[in-house]
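Work through the exercises below with the coordinates open. Try each task before reading its solution.

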Amino acid sequence: MPAVQDTVERVKEIDVDQYKYGFVTDIESVTAPKGLNEDIVRFISAKKDEPEWLLEWRLEAFKRWLTMQEPEWANVQYPKIDFQDLYYYSAPKSTEGPKSLDDVDPDLLETYKKLGIPLREQEVLAGVQGAPKVAVDAVFDSVSVVTTFKEELAKAGVIFCSISEAVKNHPEMVKRYLGSVVPSTDNFYATLNSAVFSDGSFVYVPEGVRCPMELSTYFRINAEQTGQFERTLIIADKGAYVSYLEGCTAPMRDENQLHAAVVELVALEDAEIKYSTVQNWYPGNKDGKGGIFNFVTKRGDCRGDRSKISWTQVETGSAITWKYPSCILRGDGSRGEFYSIAISNGYQQIDSGTKMIHLGKNTSSRIISKGIAAGHSNNTYRGLVSAHRRASNARNFSVCDSLLIGDKCGAHTVPYLEAKNASATFEHEATTSKISDDQLFYCLSRGLSEEEAVALIVNGFVRDVLQHLPMEFMAETQKLISISLEGSVG
Amino acid sequence: MNLSVQQFRTKAEQELLDLYTKAEKTLPGAGNPFVADLREKALATYARLGLPHRRIEAWKYTDLRAHLEDVYPLATPRGAAIGANELEAALGKAIADFSAYRLVIVEGELRDDLSDISALKDAGAVIVSLAEALESPPEWLKQTLSKAGPREDDAVFALNTALMTGGVILRLPKGLTLDKPIHLIHLDGTGDPATMVTRNVIMAEEGASATVLESYGGLGMTGLQRNAVTEIEIGDKAAIHHIKFQREAVETTHLGIWLATIGADARYDAFQVSTGALLGRNQIYVGFDGEGSSTDVSGACLMRGRQHSDTTLVVEHRVPSCVSRELFKVVLDDHARGIFQGKVIVAPDAQKTDGKQMANALLLSETAEFDSKPELEIFADDVVCGHGATSGQMDEDLLFYLESRGLPEAEARAMLIQAFVGETFECVDNEALREAFAGVSADWLGVQVE
């Protein structure tokens, strides 16, 4: 029970309007002029000193993007985005990569401190035998500023760096895999990202290597009105294993910010990738003003036989979330997993889910999605499970549960099942309910307050998914859940 | 979004417009300003929407625009001779012999000579053919025909309104309980390919109850495009059991819509069995307008060859304290394709809603395909809603068990398939119909039933 008590205390401390991570660090930024045209794409590419082929790739994506229409099928409403009224590039001024943490702009370190990123602590931790190690590639707005643990990873042969560095140091690898899972023509936002992506993480785990530590990126959006276009590429070679953590917070402000990231995962034979996200971007204030627009394309390709990709996500932030981490189960016997907790409160809108595309034989997938809607929010699960002709013995099991707190919110479930193979076995189940009066009454009769009781029940509701989060995230997530639901009862 | 704006018209889309232009003056009710206006508006709706295609979310898996290449002319009644033999050939013995008040609609026209109209009138029902009713529609019918709802954004519904020629208007007065079910028999004809557009309206006043069977069969017409709409209005405390059996020829395009509104403390049970048509789409819209009511919408479809069967269902809980149940079973062989889309909407004030939905598919061949989209759209918090969907092949363990008991494989398979679809037949209240449907599934499987 101490964890619950802790969350309840935190809830008391925090008012809806006092978003914990809402602050703006004042650092001089080098910013490209507002708007988007070919010159901006060239500017970004030049700023990052990119080779000709990448510039060509970006320009092609940009040309394609001009012909595309914004998708409107998702169950979300928002004012039209003026893509010419955004900044597409912003980098902290000190662009010469600091050699150590001491060289990093102290303001920046202060920001991280407020965020609770234990950069310094981790240096200490690294010396402790047997302690869990987490490598952090901190992204401050658009450029990776500091990367720790590089050496230890290098010893194992793991490449963990920013995409820009990877383009310089491992161009053949980037060229081979970039856009191979999410093609630059994939969808409106992925194409936009391909044209203007600023930076992101690159991970390569060589054959047979089990990555010695959990890799992690914390990033936040900082400069006002800057869309953040992250690009993440993770490749696990034959028999490799990697667990990747992504957590994010963003400062509070009024103007909606666009975030259109692309994440590509490639798992070759017998490889396994575990990708975990805790997303806590600014959701807007209690009247639904402000907040981040999160339009993300995440896709994993189980390219090799017996490979496995597992997505775990906790979505508590953003005004609008539009996100479908998917698995293409191409290799025979490959496996895809999707565990999700999506919590919406206030005026948040979430349209999220997954796609499991079974192409290979004996592929299996599992979907556990828990949606919690409170306040005036709308929470939609939208998922596709499909088995193609060749995918004999494909198996899927899906559970999508929704919990409604309050009578002004909405919970929606839109699953698509497409079986083109008779031996494919699909099972899908979904329920929607409110917190049962019996459960609540029982907790109250045991002396818990209503808020404590709700926190307890909700944490129980999402337990199936919490268990799949790495240890580091579990405690943080429990706190997030109770903070996100603050003010939803009574 | 400009998806609904037509860039160009396909041949079939234009031909459907031409059908109307050609028939405008001779369609029933042409002289009545209300009806003429209703048809004009519906045609405008269709002209705006065009035929549904896969970019329209509700038609994602059934691309009607691509399927429909030519449009057949509107059916002209020729007074085909129909006896017991024809009926049995068209519907099968059990359904043809079903003891009920018969209303027979052939070639898009209600046939007085084959229908038990006077007997129904004697029993207390108010009945009139659609054609007659449209000449001067009573006030209640006007209201029903111009209600808001899917007729405004469903191109198939709009086409039906624009072109409807045959059908029955049936009204069950307050408290009437019929001693026998009503059997609405829809047959094609024997001549050249034709389009048949029928509309039935059934209105049950307070406390009335009836069982209505709609059957669709073929007399051997060489091609049929059918658009059949039935509207059901169920008053407070009334109960309607509504059953559909469709075994039209395998060249047929069958577009069926049921639109039901339910009053307070009332009950609507809908059940559909399909084995026919090349492309069949059954849309069922059920809306609760009064508290304390319940509905059970279920069905089975058995498809083979290159048949395509789509069941699309929308249940709208607009008021509190209603219960809805859905159970659909789909058996698919050869290259058949089955689709189930079910949507349960719970409005913000519809507290204490209880909704459950289940769709199961059994794929008998490697090349069959099942697509399913069970949707929940919930805006109230005090609800219990759930859905499930499964798809798979026959359980080898069950098969092995039966074979180990000495059953030949084919028989064991048939038994398991019958058990699979048989679960839905339990939803049918009428015992004779339950048995008839068991016979239908046995026929389809080609096995003898004792």
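The domain bounds used here come from an automatic or database domain assignment. The model is predicted.

**Exercise 1. The two domains of chain B**

Task: Find where chain B is divided into domain 1 and domain 2, then describe the contact of domain 1 with domain 2.

Solution: 
- Step 1. Domain 1 of chain B covers 74-394, and domain 2 covers 395-450.
- Step 2. Take the centres over C-alpha atoms. Those of domain 1 and domain 2 of chain B are 25 Å apart.
- Step 3. Count the contact, with C-beta atoms within 7 Å as the cut-off. Domain 1 of chain B puts in 24 residues, and domain 2 of chain B also puts in 24 residues.
- Step 4. Assign the domain 1 side to elements. At least two residues each come from α5 (93-96), β7 (209-217), β9 (239-247), β11 (267-274), β13 (294-303) and β15 (323-332) of chain B. β13(B) gives the most, with five residues.
- Step 5. Sort that domain 1 side by class. It holds 14 nonpolar, seven polar and three charged residues.

**Exercise 2. A helix pair in chain B**

Task: Work out how helix α11 and helix α12 of chain B cross, and which residues meet.

Solution: 
- Step 1. Locate the helices. In chain B, α11 spans residues 409-425 and α12 spans residues 431-445.
- Step 2. Compare the axes. They come within 10 Å and cross at roughly 150 degrees. The crossing of α11(B) past α12(B) is right-handed.
- Step 3. List the residues. From α11(B) come B:Ala414, B:Ile417, B:Gln418, B:Val421, B:Gly422 and B:Phe425. They meet B:Arg434, B:Phe437, B:Ala438, B:Ser441, B:Ala442 and B:Leu445 of α12(B).
- Step 4. Classify the residues of this contact. Eight are nonpolar, three polar and one charged.

**Exercise 3. Chain A against chain B**

Task: How many residues does the contact take from chain B and from chain A, and in which sense do β24 of chain A and β19(B) pair?

Solution: 
- Step 1. Count both sides. Chain B contributes 33 residues and chain A contributes 30 residues.
- Step 2. Name the elements on the chain B side. β17 (354-363), β18 (369-378) and β19 (384-392) of chain B each give two or more residues. β18(B) gives the most, with ten residues.
- Step 3. Check the strands across the contact. Strand β24 (residues 425-434) of chain A pairs with β19(B) in the antiparallel sense, over eight bridges.
- Step 4. A:Ala430 is opposite B:His387 of β19(B).

Note on methods: Residues numbered from 1 in each chain as written. Chains lettered and ligands numbered in written order. Predicted model: local features only at pLDDT ≥ 70, side-chain atom pairs only at ≥ 80, totals over all residues. Contact = placed C-beta atoms within 7 Å. Helix = DSSP H or I, 4+ residues; strand = E, 2+ residues; numbered from the N terminus. Pairing = 2+ DSSP bridges. Nonpolar A, V, L, I, M, F, W, Y, C, P; charged D, E, K, R; others polar. Axes fitted to C-alpha atoms, helices over the stretch in contact; angles between N-to-C directions. Left-handed = near helix turned anticlockwise from the far one by under 90°.
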